[in-house]
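Morning, everyone. Please have a look at the structure on the screen, and I'll walk you through it.

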Amino acid sequence: MSSFSHQPRASDTSDRLVALGLVQLKAGQFIAATKYFNGAVQLDSQDPRALFYLGVALNRIGQHGAALESFQRMWALKVTNRQLGLEAGWAAIAQGRTALAISLLEPFVKENPENAKAREFLGRAYIGDGRLDDAERELKRASELDAALKPTVLYYL
């Protein structure tokens with residue numbers, strides 16, 4: 001997926017479990033992926049890749065609170081990933097933490113203006129913050145960028 005900044009060296013066993021988890025994640029086997037990533041975190045709680053991908057997999061199965069906890073543990077290690085704003089923003093929205101979601105998604109959208117899903121999430125966060133004009137702008141742009149998002153965008157508009 002994406003590269004990490006300031007990544008500490010993980011154990012070989014943790015690396016192997018993360019690699020196996022990534023295979024499951026890419027295959028859409030999100031529950032199986034969480035088991036591998038959880039195993040890697042249990043072996044090496046300082047492995048930011050395991051923490052990040054655990055959060056990604058947890059987002060995919062709707063366990064957004066646990067995903068956000070995993071991302072927070074990653075932040076504590078002072079490690080980032082290019083997709084962290086999107087993933088953590090999604091988890092924050094689902095937890096009703098709109099201010100956090102906005103603080104994560106605004107810089108992500110600025111760096112990735114063509115990312116339709118990020119714009120949709122940002123629009124949803126703006127709704128939660130009462131910024132309806134901003135929400136409408138982001139949601140409409142998301143729909144322009146990705147027609148598959150139109151049903152969701154129309155729901156929120």
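I'll start with the nonpolar cores, then turn to one helix and its salt bridges.

A word of caution first: this is a predicted model.

Now the cores. The largest nonpolar core has 25 residues. Those with the most contacts inside it are V18, L25, F37, F52, Y53 and F71. Which helices supply it? At least two residues each come from α1 (12–26), α2 (30–43), α3 (48–60), α4 (64–76) and α5 (84–94). Of these, α3 gives the most, with eight residues.

Next, helix α8. The helix covers residues 132–145, and A142 is found in it. Is A142 buried or exposed? A142 is buried, because its relative accessible area is 0%, and the cut-off for buried is under 20%. Look at what surrounds A142. Leaving aside residues up to four places away in sequence, A142 touches A116, R119, E120, L149 and V153. Then take K117. K117 and A142 are 25 residues apart in sequence, but their C-alpha atoms are 6.6 Å apart in space.

On to charge. Side chains of opposite charge can pair when their charged atoms come close. How many salt bridges does a search of the whole structure find? The count is 12.

Let's take E138 and R119. Their side chains meet in a salt bridge, at 2.6 Å from N to O. E138 sits in helix α8 and R119 in helix α7 (residues 116–128), so this pair ties together parts that are 19 residues apart in sequence. E138 counts as buried, at 5% relative accessibility. R119 is buried as well, with a relative accessible area of 13%.

E138 has another partner, R137. The side chains of these two meet at 3.2 Å, N to O. R137 is partly exposed, with a relative accessible area of 45%.

One more pair: E144 and R141. Their salt bridge is 3.3 Å, N to O. Both are in helix α8, and they are three residues apart, so about one helical turn separates them. E144 is exposed, at 58% relative accessible area. R141 counts as partly exposed, at 27%.

Finally, which residues do shared partners join into one network of salt bridges? They are E106, R119, R131, D134, R137 and E138.

How values were computed:
Residues are numbered from 1 along each chain as its sequence is written. This is a predicted model: local features need pLDDT of at least 70, side-chain atom pairs count only at pLDDT 80 or more; totals for chains, interfaces and linings use all residues. Side-chain values use heavy atoms; hydrogens and water are left out. Helices (H or I, at least four residues) and strands (E, at least two) are DSSP runs, numbered from the N terminus. Buried means under 20% relative accessible area, exposed over 50%, partly exposed in between (1.4 Å probe, protein chains only). Contact means heavy atoms within 4.5 Å. A nonpolar core is a set of buried Ala, Val, Leu, Ile, Met, Phe, Trp, Tyr and Cys residues joined through side-chain atoms within 4.5 Å. A salt bridge is a side-chain nitrogen of Lys or Arg within 4 Å of a carboxyl oxygen of Asp or Glu.
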